[in-house]
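Trainee: Could you take me through one ligand site here, slowly and up close? I'd like to know what sits around the ligand and what touches it.

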Amino acid sequence: MISPVTMRAVRTAGAIPNSEFLLEVEGVRKAFPGVVALDDVSFRLKRGSVHALMGENGAGKSTLMKIIAGVYSPDSGSFKLRGNEIELNSPLDALENGIAMIHQELNLMPFMTVAENIWIRREPKNAFGFVDHRALRDKTEELFDRLNIRIDPEINVGELSVANRQMVEIAKAVSYESDVLIMDEPTSALTEREVEHLFQIIRALKAEGKGIVYITHKMNELFEIADEVSVFRDGRYIGTHKADDVTRDDIIHMMVGREITQMFPKEDVPIGDVVLSVRDMTLKGVFHDISFDVRAGEILGLAGLVGSGRSNVAEALFGVTPATSGEISINGRTVDIRTPAIAMRNGMAFLTEDRKDTGCFLVLDILENMQMAVLRDKYVSRGFVAQAEVERECEQMREALRIKTPDLNERIENLSGGNQQKVLIGRWLLTRPRILILDEPTRGIDVGAKAEIHRLISKLASDGVAVIMISSEMPEVLGMSDRIMVMHEGRVTGFLDRAEASQVKIMELAAQ
Amino acid sequence: ENIGVSMALFDDNFLTVLRNGMQDYAKTKDGLNLQVEDAQNDVSKQLSQIQNFIAQGVDAIVVNPVDTDATPKMTQLATAAGIPLVYVNRMPGDKELPAKVSFVGSNEVNSGTLQMKEVCRILGGKGEIVVLMGELSNQAARQRTQDIEDVIATDECKGIKILDKQTGNWQRTLGTDLVTNWISAGLKPNAIVSNNDEMAIGAIQALKASGISTKDVLVAGIDATQDALAAMKAGDLRVTVFQNAAAQGSGAIDTALKLAKGETVESMVWVPFELVTPENMDKYMAKN
Amino acid sequence: MEQVTQPAQRLERPQRRRKLPSEVNIFLVLIGIALIFEILGWIVTGQSFLFNRQRLLVMILQVSVIGIISVGVTQVIITGGIDLSSGSVVGLTAMIAASLAQTSDFARAVYPALTDMPVLVPILAGLAAGTVAGLINGSLIAYTGIPPFIATLGMMVAARGVAKWYTRGQPVSMLSDNYATIGSGIWPVVIFLVVALIFHIALRYTRYGKFTYAIGANMQAARVSGINVGRHLIKVYAIAGLLSGLAGVVLSARAISGQAGMGVAYELDAIAAAVIGGTSLSGGVGRITGTVIGTIILGVMTSGFTFLRIDAYYQEIVKGIIIVAAVVADQYRQRKRRKA
Amino acid sequence: MEQVTQPAQRLERPQRRRKLPSEVNIFLVLIGIALIFEILGWIVTGQSFLFNRQRLLVMILQVSVIGIISVGVTQVIITGGIDLSSGSVVGLTAMIAASLAQTSDFARAVYPALTDMPVLVPILAGLAAGTVAGLINGSLIAYTGIPPFIATLGMMVAARGVAKWYTRGQPVSMLSDNYATIGSGIWPVVIFLVVALIFHIALRYTRYGKFTYAIGANMQAARVSGINVGRHLIKVYAIAGLLSGLAGVVLSARAISGQAGMGVAYELDAIAAAVIGGTSLSGGVGRITGTVIGTIILGVMTSGFTFLRIDAYYQEIVKGIIIVAAVVADQYRQRKRRKA
Ligand SMILES: Nc1ncnc2c1ncn2[C@@H]1O[C@H](COP(=O)(O)OP(=O)(O)OP(=O)(O)O)[C@@H](O)[C@H]1O
Ligand SMILES: Nc1ncnc2c1ncn2[C@@H]1O[C@H](COP(=O)(O)OP(=O)(O)OP(=O)(O)O)[C@@H](O)[C@H]1O
Ligand SMILES: [Mg+2]
Ligand SMILES: [Mg+2]
């Protein structure tokens, strides 16, 4: 066993035995109360390769990576770095041994600037030992130039959109210049353009001989970037293959243990009357003159680049940040939606894009999380909640959505990201909305569950629900939407029918 | 014997002397066990302490009441349990004290009166004063301030005018700040009359810092604490009032012991206030 | 390519954990503290600490006023807020209630025309005054968006001022016997426990409770879920004020006197009781049962000190250590169980 | 998959907003309050409130002890914690420092053998005692994981106990003239402002500062960035303790006396000053400049009340209202600017 300190010394001296594997993990086990997250798992990462990790939500991918990054300590198992056995006791140990990680949940300091976030603990100092803010800015700009990122280094991270925060996380991880770079679903908040951009970065790193662990639920990414792929299921290691040797269906089969036939099971349903009609909706400085209609049974896809204002439009529709002017009518009646409560009274539901900030009640259990919205006007008499009834409904929803948890009294905090997302979808489905707004509904959701959610959305549409779906995943928008509205810099740049829509046409409208 | 003592407050300089008086006196008595509790100025804590003492089965209880208006309840609790009770220093608000209940202390009306009469005498019955009040929800503060006003209402002191009265919460630094604020507001009082010595000392510090001589402004306090007497020796403090804490303490213990033995005692045992001026200060030097 | 043959596994693991409520921990801490006093009691005084009816009553009696406040404060803390004003509101409502509970045979009554009133009048006046203070707190927080700390700190200072101004610092005494009854014997304990029971139920089984937790867990998410956060916060603070008012009534009835200095620093004890009982200051977590246990721990400590005749100088030192140790022990046990 | 060829667009909006530091707001509130007193002054007393050197000095002088504490408390709050123990630590360190600053011509010195010491001895003793208290706070929080509220509440109770026990409640007086100098004239103000300046720089321009903000903004993020959160928290609480110790020294030097009851409730004023000055109790946000302004607002208020000879009974009521109004005004201006 070599201490991290010695390791560091060895590494800086350059006297590393050039073993084939950067990283070898053997027989790792990790249990949380009630859940065995990892059971006898092994994993190896080669130099100069991209190793994709696939698995259903809750398969244990993030847990394994957090162990490698020194966040969790495993219950048992051995760990070799560059051929040497090593023990990591803290994230700092991992960083100093050349392991950096982009976490699935964003881990940034909102009130600090982009530059401060990236270089925290490594701030450049001047001759007097004070932090040199100019150098800090310069270093960040240099890094951003190299990575081709355009974000003001001195803006507060709290003011960035989710996508830009993700880019900051990526830049931060790259800035450690570490040998092992773990990316846990880095693209879940990104649109195609940034994804491509990220891939360029990854290819460059690969060429430098670094090892990259890449976790994703997006199949197409896998075949574009990965050299090898390992699959996990239920905390167990299933197998590793060369990316070129396997097909999509092979992997899905390994992941879920059965076939998934149709990814975008869009049913053709009769489109009804206009349910929601928006005219000239404007929020000064954010979006302008937004007009569109959604009909019963219709799925309206909202496409656009990151920061095009799609989420802001959705927030305005639901009364979270109401628009300054314009008109919204529902079933032909003009409504003034100033608060989410009013929106809900009008049969609307809104799944937000930021799970952590506006979605989950982290410290509450799954049951509470799921029932919170529906209690506004159901299952309550004289103030008392009809607990048994709600619980039954929630239990059904859990089964329908295949949420992986021992029981509903688990804190939502302890669920894997994808399962959290399913709970939130369940929350809104319980309210039986007539207008459903979904902002990135399948972010971080595994293929199997994604297919189910798509089927669910389809089913809702066929029941006459009007659906507005924002998605940064092209195939999803193309596969699910009856019509696609494309936005660019806060304005609508065009509508595309299902028949005429294609990736190229959307990009043309989105980039203008 | 076991005697339970509930003090209104430990943080008070005067009450500390009183407490020490009791404890020193108790040490001279064989087999006497004092258990002293701090009510931290909280009536409800004090009630609870008495109830805890009763549960304990002590032979007598001595109470230095937080709120003299809340004593009927305490009297009632002790009487119901048949345990002798002695109030010390602050006069209980009961209309009448039943058997086995007594009070040992000084008549608070006298302290402010003695102080103000002396100030009035020195000022020759005319002039302007400011008053530093103690914590407003505290009875001694109100009583002493009332005494000052009563004295001014008498014929021989009619010429005295109160420019302002504010609370310094018994604290020295707040006294300093208040007086400095007054001076900067242009007030030129002939005397500063304080509800206790601590604030009076604060006033002296403020005067000195502002370059005003204590010869020109008379400062008066109450308590005759060590610091106060030192200030008096230095010629800065001209009037204070001595309250015999030690005598009150030993008196209270004595009375409690007598009651516990079943002897009868007077329901009010008075320990008089004494005016302290530079002339007679030496005799108080080692007392409080 | 190896073929995965086994059928899809059950997603749900079969074993259903039996979860003990988290209050069990702090309850064990309470039992532990009591037992230590019991053992020390036999060693030091040769008496039993616990088997003394009078002492058992006093233990809870002396903290029942704190306990009543603490039930309200717990709710406020669950929303992620804090209420610093409770101690001052106790003082104010004690004054107001007492001033309407005076007997006519007292010459210096505050309202000579309003003596010998039915006992309900002072009680309702006290509750109303507390509720108004709470409403002001809640409205400030909901409509101006200032931090609860500041809103209730302002109220803390101002309410104490009003209490002193109300009778110019004079205590209010000579209260009617009927009124005094509320504070005598076992009544304060009964009132405390009934209040605790009501809000235990309210927090667990009503929409009011669910929304309270939701707001504390994630205010933004609560808003998006259609909860009128502002209105709900006003309710919660008003209830906290109401309970402070009730505490003021009980306290003045217990002392048979209303005093402007009553209740100083009670807010700290009340918050401490809630936090010792497992309520998290970051919101979303907490239970009334825990708060009740936390309150009783404070009471047991006070009685235990007197019982063991611990010198008053050491009492505070030991009290400080016990508060910390209780929470550390609680956390330690919780962590251990989680590992197991 | 089609290839994206055009260069990455500017992802962020280009306009660089000119940002005024957020303290400007609360500074305007301070100016506003001062002007109101100035105007009322001319109306009521015919005098200027502000153009009086002595008053300007005393305005800051009377809050400089609070101010020194508040600088430490601000840092603690930025990490997302709280320090309730500062008032008690002031009392304790005042006692300890004073006991080592006595003159030999005093018969009842605490340490008769240690009188007439060089002035540095009591100062260092006071600072050391404060630092130890802070270290205990910090270690409890870092190693046991109990909430800062509980750790510092325990210290608040225990330190006050130790202060009382130290001389059995006797005040410590007859301090040397050298020692008294620290608290006389403009010295406390100078000490306060120098301390504020040092920590203003430390928070803005050193890693210590960056870590402090990072931990408060997102503790998990700080941890995965490799910051040793526990060790840093210990530092921050130790510094807060050190500054409380300094405050205790200044206060006892100012009063030329050490008393166990010193500093009661100072923690609330210190926290209020920080929060009025824009420090957020949820952590990650706050500046020393704001805290200084918040402190001065408290001082201006006190002087203003005496200046206008506002009846003592009304002072607290008005003080409560001003605290709330100051923060409301600050928030209102900030929101308006954001909209603009
Ligand atoms: N801190 C925790 N406490 C308790 N259980 C946990 C904790 N973290 C993860 N788990 C559980 O461990 C299992 C594996 O979770 P993990 O986050 O590793 O899944 P994942 O493969 O990353 O899923 P996803 O694709 O949804 O991100 C899940 O069942 C989850 O509920
Ligand atoms: N809290 C905020 N403060 C300042 N600007 C913001 C904030 N939130 C969003 N913006 C900006 O508003 C614009 C639109 O953001 P929005 O999130 O609506 O875009 P989007 O098309 O949904 O993109 P995304 O894929 O990132 O969700 C972006 O330029 C973003 O930077
Ligand atoms: Mg994951
Ligand atoms: Mg979006």
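Mentor: Let's go with ligand 2, which has 14 residues around it. The closest of them are G307(A), R310(A), S311(A), N312(A) and E353(A). Keep in mind that this is a predicted model. Now look at the chain letters: the residues surrounding ligand 2 come from chains A and D, so this site is shared between chains.

Next, check who supplies the shell. Helix α10 of chain A, residues 310-317, makes the largest share of it, with 3 residues. Sorted by class, the shell around ligand 2 holds 3 nonpolar, 6 polar and 5 charged residues.

Zoom in on the polar contacts now. R310(A), one of the closest residues, has a polar side-chain atom 2.7 Å from an oxygen atom of ligand 2. S308(A) also brings in its side chain, with a polar atom 3.0 Å from an oxygen atom of the ligand. With E159(A), look at the backbone instead: one of its backbone N or O atoms lies 3.5 Å from a nitrogen atom of ligand 2.

Then pick out the residues from chain D, since the site is shared between chains A and D.

How values were computed: Residues numbered from 1 in each chain as written. Chains lettered and ligands numbered in written order. Predicted model: local features only at pLDDT ≥ 70, side-chain atom pairs only at ≥ 80, totals over all residues. Heavy atoms only, no water. Near = heavy atom within 4 Å. Polar contact = N/O pair within 3.5 Å; in protein donor to acceptor, adjacent residues only side chain to side chain. Helix = DSSP H or I, 4+ residues; strand = E, 2+ residues; numbered from the N terminus. Nonpolar A, V, L, I, M, F, W, Y, C, P; charged D, E, K, R; others polar.
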